[in-house]
Amino acid sequence: MSQTEQTASPSRWPHFLEDLGVLLWASFLAACIATLLFFACFDPQLLVDDAAPPAWLADRRAGYTVGFFFFWMMSAIASFLTAY
């Protein structure tokens with residue numbers, strides 16, 4: 001067996017997928033912290049305190065979910081722009 005065959009790892013992911021995983025994981029952690037800090041100050045039920053909020057947003061848990069995915073999307077965009 002030659003030296004190049006021994007050093008090559010067949011289970012190694014392509015470099016692009018490794019970068020993608022790192023960026024998504026970093027943005028996930030940033031979204032966790034942003035969600036924690038934001039919703040420590042603001043109640044999602046009071047944010048939709050409107051005459052007729054949408055039915056899917058009337059629940060407090062839906063507000064947390066939408067907020068988390070919003071922060072995850074924003075931090076993912078920032079991570080990808082930084083890496084670019």
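The model is predicted, so local features need pLDDT of at least 70 and side-chain atom pairs count only at pLDDT 80 or more, while totals for chains, interfaces and linings use all residues. Residues are numbered from 1 along each chain as its sequence is written, and side-chain values use heavy atoms, with hydrogens and water left out.

The protein has four helices and zero strands, where helices (H or I, at least four residues) and strands (E, at least two) are DSSP runs numbered from the N terminus. The order of elements from the N terminus is α-α-α-α. Of the 84 residues in the protein, 19% are buried; buried means under 20% relative accessible area, exposed over 50%, and partly exposed in between (1.4 Å probe, protein chains only).

Two packed helices are described by the angle between their axes and the distance between the axes. Helix H2 (residues 15–41) packs with H4 at an angle of about 135 degrees, and the two axes are 7 Å apart. H2 is therefore oblique to H4. Axes are lines fitted to C-alpha atoms, for helices over the stretch in contact, and angles run from 0 to 180 degrees between N-to-C directions. Angles under 35 degrees count as roughly parallel, over 145 as roughly antiparallel, 65 to 115 as roughly perpendicular and the rest as oblique.

Phe80 is placed in helix H4 and is partly exposed, at 33% relative accessibility. The C-alpha atoms of Phe80 and Ser27 are separated by 9.3 Å, although these residues are 53 residues apart along the chain.

Side chains of opposite charge can pair when their charged atoms come close. One salt bridge is found in a search of the whole structure, the term meaning a side-chain nitrogen of Lys or Arg within 4 Å of a carboxyl oxygen of Asp or Glu. A salt bridge joins the side chains of Arg60 and Asp43 (2.9 Å, N to O). Because Arg60 lies in helix H4 and Asp43 in the loop between H2 and helix H3 (44–47), the pair ties together parts that are 17 residues apart in sequence. Arg60 is partly exposed, with a relative accessible area of 36%, and Asp43 is also partly exposed, at 24%.

Ile77 lies in helix H4 (residues 60–83) and is partly exposed, with a relative accessible area of 42%.
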